[in-house]
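I open a notebook on this structure and write down what I look up, entry by entry.

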Amino acid sequence: MPLLNLGILAHVDAGKTSLTERLLHTAGVIDEIGSVDAGSTTTDTLALERQRGITIKSAVVSFPLDGVTVNLIDTPGHPDFIAEVERVLGVLDGAVLVVSAVEGVQAQTRVLMRTLRRLRIPTLVFVNKIDRSGARDTAVLRQMAERLAVPLVPMGTAAGLGTPAARFRPGLGPAALEALAYQDDDLLAACLDGEVPKARLRRVLAARTRDACVHPVYFGSAITGAGVSELTGGIRRLLPTAAGDPDGPLSGTVFKVERGPAGEKVAYARLFSGTLRVRDRVSFGDGRKDTGTGGNGRRDTSTDREARVTALAVFDHGTDVRADRAGAGRIVKVWGLGGIRIGDALGTPGRSYEYHFAPPTLETVVVPGPGTDRRSLHLALTQLAEQDPLIGVRHDEQRGETSVSLYGEVQKEVVQATLADEYGLDVTFRETTTLCIERPVGTGHAVEFNKKDSNPFLATVGLRVDPAPPGTGVAFRLEVELGSMPYAFFKAVEDTVRETLGQGLHGWQVTDCAVAMTHSGYSPRQSHAHQGFDKSMSSTGYDFRGLTPLVLAEALRRAGTKVYEPMHRFRLEAPADTLGALLPVLARLGAVPETAGTHGTACVLEGTVPAARVHALEQRLPGLTRGEGELETAFDHYAPVTRGTVPERPRTDHNPLNRKEYLLNVTRRVGE
């Protein structure tokens with residue numbers, strides 16, 4: 001049976017989980033539609049989701065649709081849980097983007113649509129809540145055209161707006177023909193020659209939708225069911241089914257990891273090729289491309305692991321069912337892969353795992369409550385980070401503190417409740433701070449030679465740090481012969497370089513740089529007569545892991561680094577007569593308006609503001625605009641810190657910037 005892996009995406013409170021319930025009910029999978037307010041929905045299974053009425057974790061549920069098995073993935077709408085959406089995008093064949101007919105386009109709507117367009121994921125738009133007071137149709141359609149700036153094809157019109165009797169009237173009008181003709185030259189020529197047959201119009205619509213060139217728009221209500229049957233028809237006719245060869249080499253991507261009742265790891269994976277069977281021995285790894293030893297495009301197998309599949313489950317008729325095998329196109333739950341991580345590739349790497357959204361820009365220290373064991377807390381946070389890799393856990397041994405990186409305050413509350421409910425741990429948090437980054441200013445080079453000067457390690461390591469374009473991350477390459485020493489020593493250097501760059505000259509993560517290994521050397525394996533291996537005379541991986549931070553820290557010191565803070569792009573709409581009070585406050589907060597325009601009696605400002613000042617702006621806005629101001633913000637880029645003192649972050653390592661302190665901690669020997 002054909003498969004379609006469908007994502008439901010939206011801004012918070014657009015009604016996406018209610019739409020999921022309606023689709024399942026329409027398909028006959030559930031007998032009664034669950035309520036978000038009552039905490040009885042099918043996909044919100046966590047106690048916290050039911051209590052708060054929001055989706056926190058993505059959930060998969062399946063239903064049949066005209067001979068196609070649809071794996072429907074309900075994703076969170078709140079921007080604090082964007083990491084959950086992040087991981088789902090790479091496994092989708094198509095998507096439905098839900099927009100509220102009352103609230104219209106929100107900041108999250110724009111972020112999601114930009115990403116769907118960039119990834120060329122075929123997407124339908126469902127304008128929900130047409131039965132609610134204040135619902136709009138043409139105004140929301142016009143707003144989507146302006147703010148989303150994508151080709152939209154209205155699939156009909158809404159009638160009875162704002163009443164329980166609101167309904168969707170299907171039909172392709174002149175606006176649909178105009179949008180399609182703009183995307184298809186043959187159709188445009190046919191329009192000029194005369195009337196276009198409806199059958200041809202539908203064929204072009206399906207082709208351009210599957211190419212992600214246009215986005216059909218439906219109006220309806222998940223609560224009353226208006227427009228839902230037309231939407232399901234569009235899902236079946238306009239979105240592509242899953243492709244993949246079940247007889248090909250195994251290739252899949254893990255997009256979610258959870259813990260089972262016994263604490264075992266359960267991986268959710270999309271299979272792009274091949275067939276996975278119970279008792280198969282499967283290789284899995286991070287899927288990164290090898291760029292350090294010549295760029296041969298192969299996966300770095302040193303990060304690969306292997307394990308035997310002990311159980312499988314596939315999704316069918318609203319639940320997951322055990323299976324002996326699963327083929328290409330399927331979303332599966334896999335047991336037995338103990339070391340599995342989100343983003344790992346199963347078998348042969350297919351699609352490389354990419355991050356589509358910005359990383360977290362906030363950090364907070366977790367404070368254990370009375371009677372809370374610190375070791376248990378650290379273990380619990382580590383397990384939470386397994387399930388959400390964009391939540392980084394940072395442990396400071398010297399201060400006995402653990403920090404977590406977050407997207408927002410709601411996420412902090414969820415972490416607190418999860419630790420209490422699932423682990424029995426009582427915690428509070430310190431004030432949230434902003435996460436900065438460091439970038440090299442220039443080029444720096446350093447080298448330490450084996451058995452020379454004050455080098456206590458049996459290793460030679462030379463490293464050069466060069467700045468790289470923003471957004472490129474960290475690249476490591478060799479400028480020495482790969483055969484000049486055992487590969488394990490090169491790998492130890494590369495791994496240590498990446499780890500050491502987690503804390504730069506000011507304590508922030510160093511990124512957007514290229515690190516080249518310029519010198520290498522080691523002491524070959526030595527042994528005394530009639531005796532075994534003499535560790536004191538032979539190089540080991542420990543020597544290279546110990547020396548690399550010293551060399552890299554010195555290279556960074558010579559290159560110099562600059563601290564960059566996260567910047568948000570904002571869109572602020574407020575009454576024009578409030579600008580006089582608003583502009584000075586924006587200036588004091590470091591916000592820089594770049595464009596200004598009018599929207600009726602309102603003025604629209606767009607520009608950038610430091611992420612650290614967004615919360616303050618949100619608090620001041622109602623008083624400055626008589627409660628009429630609307631603010632949208634989203635991460636945009638990093639900019640050099642230019643106001644006040646350069647922020648410093650306490651180090652959690654042995655501080656290779658202080659040679660004497662470092663050697664005392666690492667080797668218990670003081671360098672001369």
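Entry 1, salt bridges. The model is a predicted one. I began with a count of salt bridges, and the count comes to 26.

I looked up Glu 448 and Arg 659. Their side chains form a salt bridge, with N to O at 2.7 Å. I noted where the partners sit: Glu 448 is in strand 26 (residues 444-448), and Arg 659 is in helix 16 (residues 659-666). The two are 211 residues apart, so I record the pair as a link between distant parts of the chain. Is Glu 448 buried or exposed? Glu 448 has a relative accessibility of 14% and therefore counts as buried. For Arg 659 I wrote down a relative accessible area of 26%, which makes the residue partly exposed.

Next I took Glu 594 and Arg 569. The closest N and O atoms of this salt bridge are 3.0 Å apart. Glu 594 belongs to strand 32 (residues 592-599) and Arg 569 to strand 31 (residues 561-575), so the bridge ties together parts that are 25 residues apart in sequence. Glu 594 is partly exposed at 45% relative accessibility. Arg 569 is also partly exposed, at 31%.

A further pair I checked is Arg 651 with Asp 653, a salt bridge of 2.9 Å from N to O. Arg 651 counts as buried, at 14% relative accessibility. Asp 653 has a relative accessible area of 21% and is partly exposed.

Which residues are linked in a network of salt bridges? I found Arg 147, Arg 571, Glu 573 and Glu 606 in one.

Entry 2, a pair of helices. Two packed helices are described by the angle between their axes and the distance between the axes. I looked up both values for helix 6 (residues 174-183) and helix 8 (residues 198-210). The angle is about 60° and the axes are 10 Å apart. Angles from 65 to 115 degrees would count as roughly perpendicular, and those under 35 as roughly parallel. Helix 6 and helix 8 are therefore oblique to each other. The crossing of helix 6 past helix 8 is left-handed. I listed the residues in contact: helix 6 brings Leu 177, Leu 180 and Gln 183, while helix 8 brings Leu 201, Val 204, Leu 205 and Arg 208. Sorted by kind, the residues of this contact are five nonpolar, one polar and one charged.

How many of the eleven residues of helix 1 (residues 16-26) are buried? I get nine, and I note the helix as mostly covered. The buried residues include charged ones as well as leucines: among them are Lys 16, Glu 21 and Arg 22, along with Leu 19, Leu 23 and Leu 24. I then asked what the buried residues pack against. The partners are strand 1 (3-10), strand 2 (59-65), strand 3 (68-74), strand 4 (94-100), strand 5 (123-128) and helix 9 (228-238). Just after helix 1 I came to Gly 28, which has a positive phi of about 85°.

Most residues other than glycine have a negative phi. Lys 451 has a phi near 65°. Lys 451 sits in the loop between strand 26 and strand 27 (459-467), and at 62% relative accessibility counts as exposed. Asn 655 has a phi of about 55°. Asn 655 sits in the loop between strand 34 (630-640) and helix 16. At 16% relative accessibility, Asn 655 counts as buried.

Thr 548 is in helix 13 (residues 541-559). What does Thr 548 touch, leaving out residues up to four places away in sequence? I listed Val 461, Leu 463, Val 493, Thr 496 and Val 497.

Thr 472 is in the loop between strand 27 and strand 28 (474-478). Thr 472 is partly exposed, with a relative accessible area of 47%. I also looked up Thr 472 against Cys 513, which is 41 residues away along the chain. Their C-alpha atoms are separated by 7.6 Å.

How values were computed
Residues numbered from 1 in each chain as written. Predicted model: local features only at pLDDT ≥ 70, side-chain atom pairs only at ≥ 80, totals over all residues. Heavy atoms only, no water. Axes fitted to C-alpha atoms, helices over the stretch in contact; angles between N-to-C directions. Helix = DSSP H or I, 4+ residues; strand = E, 2+ residues; numbered from the N terminus. Parallel < 35°, antiparallel > 145°, perpendicular 65-115°, else oblique. Left-handed = near helix turned anticlockwise from the far one by under 90°. Contact = heavy atoms within 4.5 Å. Salt bridge = Lys/Arg side-chain N within 4 Å of Asp/Glu carboxyl O. Buried < 20%, exposed > 50% of the residue type's maximum accessible area, 1.4 Å probe, protein only.
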